[in-house]
Amino acid sequence: MRISKAGLLVVLALLAPLLVELRTVLSWVNVELTVLETGLVGAVLVVAILVWAFLPENGNGKTTEGDASSEN
Amino acid sequence: MMTMSNAYIEEFPAEAKVVRTAFYSAFLALALGGVFGIVQTLHRTGYYRFIDSADYYTVLTAHGVFLVISFTIFFLVGVFTWAVTTSLDRGLEDLRFTWGWYGLMAIGITLSGVAILAGFTDATDISASVLFTFYAPLQGHPMFYLGLVLFVVGTWLAGADWFRSWWAWKQENPDERIPLPTFMVLTTMLMWYIATLGVAAAILLFLLPWSLGLIDSVNPLLTRTLFWFFGHPVVYFWLMPAYMMWYVMLPKVSGGKLFSDPLARVVFVLFLILSVPTGIHHQYLDPGIAEGFKFIAMTNTMFLLLPSLLTAFTVVASMEHGARQRGGKGYFGWLKALPWRDPVFTGMALAGLMFAAAGFSGMINAGMNINYLVHNTFWVVGHFHLTVGTAVALTFMAVTYWFLPQITGKELWSRSVALGQVVLWFVGMTFMSNAMHRAGLLGVPRRTAEPQYEGFEFEAAVGSMGELQAQIALGGVLLTLSLVLFFANVFGTALNGRSDDLPANEYADALSGPEDAPLVLDNLKLWTGIAIVLVIFAYTFPLLSIIDRGGLLGPEIIPLPVFIESPALLVGAVEQLTAGTLESIRPVLEVSR
C-alpha cells in the first residue's frame, strides 16, 4: 500500500468538500453537473484513489505509513 | 509487570475529578443539544416534522444554549483546570472553592435549561424561547436570566481560582516566565471578564427587571448592543481553548514541538485586546448606530484575522516539524508521515482545516458592504457551524480521546471508532455547512421553522433548493451518527477497568521557547489596560448615542392602535390639505381653460 489505511480514510473524506465545491466551480465555466453526475465523478475518483493506494510501492508491497509510532 | 503511569489522575487525583465532572456536564449538554439539532434539521428541511412549528423556536433555543453555552464552557473550564495545574505543576489552592464555582455553574445552567425546556409544555407558564441571542424584544422567564447570571458568575470565580494558583506559583517562582498554557488561560479569562460586563449589564439592569415586571420596557437596540458586546467575544472564549489545544497538544501528537512560544503569546495578547471592540459588526443592519461606528468595528474585526493567520502558520509549521521528526520528506511528502491513525491528531487537523474555510466566510460576514448580502440568512448559520460547530466542537471531541484516559485512569475504549467519529463529523459538516452557505446566498432566512413559501421559489444558481435541503438533512444525519459514536466511546471508556499503562500527562515543548519572547508579553496589566481603552473607544459613543435617541428604558410607549384625538382636528387637516392642493394647481387649471 502506498498510504496508511488511516491516511486513505482521510483522503477519501477530503473528497467530500472537493466534490461539493467542484460542482459550483464547474458551473462558472458553464458545466452544470446533476447530483447523479456528481456522484459518478465521485465514484470514479474514489476508485482511482483506491487503485493508486493499493498498488504496491516500488513493486515490493511495502507500506509507507508512518503511523506505527503514533501510539501516544 | 504493572507500572505506575504518569497520567494526570495519578498526579492530581482531586483535580482530575473536577475536570471529569466538568467534562461529563459538557457531554450531557452535547447530547441534549445534538438531539435538538437533528430535530430542527429534519423539521426545517421538511423531511420529518413531528413538532409544532411554534415549538421550533424552543428547540432552536435549546440547541443553541446547550451547545454554545453549556457544552463549550463546561468543557473549557475542565481544559483550563488541567492546563493551569499541569503547567504550574501544582494543585488548586482550595478545592472547596473550586467545587463552589462548578456548583454555581451547574445550578445556573440547570435553571436556564429548565426554563427553556418548560416551553414545551402548557402545564406551566414558564418558557424562554428567546434563542441563544436573547436580547429584547423577546422576553424569557426570570429563571432563564437568573440561571445565566449564576452560570457567568461561576465562570468568573473559576477565573479567580486559576489566577489564585498563578499568584501562589509566582510567589515561589518570581523570576520564571508564565508557562504557556497558564498564560493562555489568564489572557482568555481577562478577555472574558471584560466581555461579560456587557451581558451582565444587559441582564441585571434591563432584561431581568423587565422580565420580573419591575420596569415596563427596555430599549431593544441598547440590549442588542450590550448582548453583542459579549456575543462576539464569547466566540473567542470558545475558540481560545481550541487554539490552546492546537498550540500545546497538536505539536505533541504530531511527534514534534511547538514552532514558537513567543508567537503563541502574541496571538493570545492580540485576542485579549481585539476580541471585545468588534461586536457591532453583528449589527451592520441595525438602524440607530452610525455608519462610522460600524466602520470602526469592521476595522477591529479585520485586525482579528492577524492572530488567526499567525496561528495557521505556527500550527502548520509545528505539524511539519513533527512529521519530519517522524521521517517525513519532500515539499508535501511530510503530510504522509503525520499520525493520521491517531484520532486526537486527525480530529484536530480536520477541525483546523474547516476553520480555514470558516475564516473566509467570516471575512464576508465582517465586510460592511458584502455583509448586507448574507445578513440574517442561512449563510451565517453555515459559518458558525464551521467555527464553533467544527473548529471548536471537533477539537474538543478529538482531545477528549486524549483526556479521557488522563482523567479516568482508563484506556480509551476504541481508537478506531474514535477515528471514524472525527472523520464522519468532518464529512457531515461539509455537506451541511456547504448547503447552508449556498442557501444563504439565495436569500434563505435563518431562524425560520418552515422556509418554504407558497407562490415563491428560491432559485438556486447551481442545482436546486430541494438538493440543498437534502444535503443539509444528510449532513445532519451524519453528524448525529458521529455523536452516537462519540458517546459510545465515552461510555465504553467509563466502563473500562483502571489501567496502569497510560501515556504521561505532558504537553508540547517549544522549538523557540519563552526565553525568546519579550518580557513585555507577560505584562498582563498592560494588555488589559489597552483592551479596556479600545473598548472605551469603540463603545462609549455608540452607547451614548443609542441612549440619547432611544432612552435608557426605551422610547415613550404609545399604545396601539393610535387614534386621532378629535374628529374636528381630522376634518381641519383634510380641509387645509385640499385647499393647499387646489391653490397649487390653480395656474394649471387657468392655463388649460
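Predicted model: local features only at pLDDT ≥ 70, side-chain atom pairs only at ≥ 80, totals over all residues.

Residues are numbered from 1 along each chain as its sequence is written, while chains are lettered from A and ligands numbered from 1 in the order in which they are written.

**Exercise 1.** Work out how compact chain B is for its 593 residues.

*Solution.* Start with the elements: chain B has 19 helices and 2 strands (DSSP runs numbered from the N terminus, H or I of at least four residues for helices, E of at least two for strands). Next, take the radius of gyration over C-alpha atoms, and compare it with the globule rule, 2.2 Å times the number of residues to the power 0.38. The value is 27 Å, close to the 25 Å from the rule, so chain B is as compact as a globular protein of that length. Finally, check burial: 54% of the 593 residues are buried (20 or more other C-beta atoms within 10 Å of the residue's own; exposed means 12 or fewer, partly exposed in between, with C-beta atoms placed from the backbone).

**Exercise 2.** Describe the side of chain A that touches chain B.

*Solution.* Count contacts first: 21 residues of chain A meet 22 of chain B (C-beta atoms, placed from the backbone, within 7 Å). Then find the main contributor: helix α1 (residues 5–27) of chain A brings the largest share, 11 residues.

**Exercise 3.** Follow helix α6 (residues 180–211) of chain B from end to end.

*Solution.* Its 32 residues reach 43 Å from first C-alpha to last, close to the 46 Å expected at 1.5 Å a residue (1.5 Å times one less than the number of residues). After the helix comes G213(B), with a positive phi near 85°.

**Exercise 4.** Locate the non-glycine N30(A), with its positive phi, and decide whether it is buried or exposed.

*Solution.* The phi of N30(A) is about 60°. N30(A) sits in the loop between α1 and α2 (35–54) of chain A. With 6 C-beta neighbours inside 10 Å, N30(A) counts as exposed.

Note on methods:
Contact = placed C-beta atoms within 7 Å. Nonpolar A, V, L, I, M, F, W, Y, C, P; charged D, E, K, R; others polar.
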